[in-house]
Amino acid sequence: MSGASAPGAGVVRRSVPRARLTDLAALRAFVAAACAEVGAPPAVGEALVLAADEVCSNIVLHGYGAGEPGPITIEVDRAADGACVTIADEGRAFDPADARAPDLTAPWDAREAGGLGWHLVRQVVDELRYERRSGVNLITLVKRAP
Amino acid sequence: MDTSSATREPSVTLAPAVPAAVPAAAPASDRRRVALVIGSGSVKCAAALGAYRALRREGIEVSMVVGCSAGSLFASVIALGHDPETCASMTARLWTADLTQQPDRRSLLRAAFPRLFGFDANWGLRNDARIMRRMQEAYGERTFADARIPLFITATDFHTGEQVVLREGRLVDAIRASIAIPFAFRPHPVGGRLLIDGFMSDPLPVGVAMREGANVIVAVGFESPYQTRVSSAGRFAFQLSSIMTNNLLKASFAFYGLAHHSEVIAVIPRFTQRIRLFDTEKMPYIIDEGERAMSEQVPYLRRLLEAAPAS
Amino acid sequence: MKITIDQRAHVTVVAVAGSIDALTADTLVHAMGEQMHAGNTRLVAAFEGVEYTSSAGLRVLLATLKEARQRGGDLRLAAVQERVLRVLDLSGFTSILKCYPDVGAAVASFPSHHA
């Protein structure tokens, strides 16, 4: 795993060239530390750790999926009195807006809890943006101080 | 304080409960019984009496009753063991338009001049003396322990917004807390907490039934009506709370349906007439529509219960 | 993630320590499943050592909850840390399952006779 670098003033970045589920814990620790470094209060860090974890899990499990593990790059920046986390990957295009919502039309004994992850993300962050640029997925999470 | 006794108060004394038909054997296992959840909806909640009538007619037993807001009135009379007809006449006497016609005159002064007259969490626009008196006549000192079917009534903690499940103590206190409609009746203290209407934390508390071990759940609930004319601050506030709680109702209900290990059957009666908060004279119609809506689900309900293991 | 099983008289306590995320959730769901298939359907998940859970953890709880209840038992939580409790609250879980401050209270909440 590459170390942390500071590409621009006040921005903290970490890249993982071949992301696996085993990297999630370290990525969470990075986001927590980075949010603290940019001066966000603990509640903001906590929320962004949860949201970033969900996004990265999805990238590993669905974005790259059964194929070769690919890179994930996370940048953390100050945003007003909170923080902004941008996550980039080169996997399959995946817009959170398309995330499978819980299927309520299925018979009661076949209902799955799909969509719980994105629901959680939307609950904890103030802004969730998706963009695809030259084969790269960019997810931006913003959380302002309460 | 309401001192005018010019109008004759209808008497709502509770006749001693006629014991429900004593079953010859032990009650059917919980798998073969349904939990009944009655959400907020003022007089429309009477539809739950119709649903109860249909269940009794079909010999389907109720394992527990959960009531929220006006639903707590109907839930409690059912849980006390009254037959549907007695439930209907009792609740019709309790829920009438003149309940909210006694303004709490000091409240308006307190709202306008908070420092002078003292404004705190104990504030409501309507005097609740009348409703308390009627409920006292109807329920007396009966407690949850007098219920024949396990009963749970929900309210909301005014300070934290959390749902509070009441399952012991006097019924009048629990019901009064559950229907402490914001802006109308003042919050009601129970067990050291200041409680307001249950619908603010969960208008249709299916989760309570799930937590308490229910299997098949029958849920009777209604969306809060939207205002046709917003002609006062009270109506404005009510419109806002309707918007929020209707969204809460839908989101919660979706989640419960997803998370429950058994079926949650929503009984949604179709009313062709407009029913306003206190249209008590429409109760027979409302009950019939509730019975009809429940009856439509009975074949499916039977299949579910018969498929369940015997114990 | 570390899982310890403690069989009490009529309740099985599954103590979990560590973080529950997409990587570790499978271990937990299998441990829970194993207990239920062995007939231990009255489960207390002791979460004192759980510092973090993602939606993967929620899915495990939900799947276990539904299966335990289908089999006539239940899953109850004990000693949940504040941060994890916030996530459970946010996602509606606290309204559908019982949480207790400690393992003793959670174990005692199950009736000691078989229903």
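Predicted model: local features only at pLDDT ≥ 70, side-chain atom pairs only at ≥ 80, totals over all residues.
**Chain B, overall**

I stayed with chain B and went through its elements. I found ten helices and eight strands there. Chain B has 311 residues, and 45% of them are buried.

**The biggest core**

Next I checked the largest nonpolar core, which has 157 residues. I wanted to know which of them touch the most other members. From chain A the names are Val31(A), Leu48(A) and Ala52(A), and from chain B they are Ala46(B), Ala48(B), Phe74(B) and Ile217(B). The largest share of this core, twelve residues, is given by helix 2 of chain A, residues 42–64.

Skipping residues up to four places away in sequence, I listed what Ile217(B) touches: Val34(B), Ala35(B), Val37(B), Val206(B), Ala209(B), His260(B), Val264(B) and Ile265(B).

**Two positive phi values**

I then turned to backbone angles. Ser69(B) isn't glycine, yet its phi is positive, near 60 degrees. I placed Ser69(B) in the loop that runs between strand 2 (62–68) and helix 2 (71–79) of chain B. Is Ser69(B) buried or exposed? It counts as buried because 31 other C-beta atoms lie within 10 Å.

Ala79(C) is another non-glycine residue with a positive phi, this one near 55 degrees. I found Ala79(C) in a loop too, between strand 4 (74–78) and helix 3 of chain C. Ala79(C) has 20 other C-beta atoms within 10 Å, so I wrote it down as buried; the cut-off for that is 20 or more.

**Ala25(C) and its surroundings**

I also looked at helix 1 of chain C, residues 25–37, which holds Ala25(C). With 24 other C-beta atoms within 10 Å, Ala25(C) is buried. Beyond its neighbours within four places in sequence, I noted contacts from Ala25(C) to Ile20(C), Ala56(C), Gly57(C), Arg59(C) and Val60(C). I checked Leu58(C) as well: it sits 33 residues from Ala25(C) in sequence, with 9.2 Å between the two C-alpha atoms.

**Where chain C meets chain A**

Last entry. How many residues of chain C are in contact with chain A? I got 14, facing 16 residues of chain A. On the chain C side, the elements giving two or more residues are helix 2 (55–70) and helix 3 (82–90). Helix 2 of chain C gives the largest share, five residues. By type, I sorted that side of chain C into seven nonpolar, four polar and three charged residues.

Note on methods. Residues numbered from 1 in each chain as written. Chains lettered and ligands numbered in written order. Contact = placed C-beta atoms within 7 Å. Helix = DSSP H or I, 4+ residues; strand = E, 2+ residues; numbered from the N terminus. Nonpolar A, V, L, I, M, F, W, Y, C, P; charged D, E, K, R; others polar. Buried ≥ 20, exposed ≤ 12 C-beta atoms within 10 Å, placed from the backbone. Core = buried A, V, L, I, M, F, W, Y, C linked by C-beta atoms within 7 Å.
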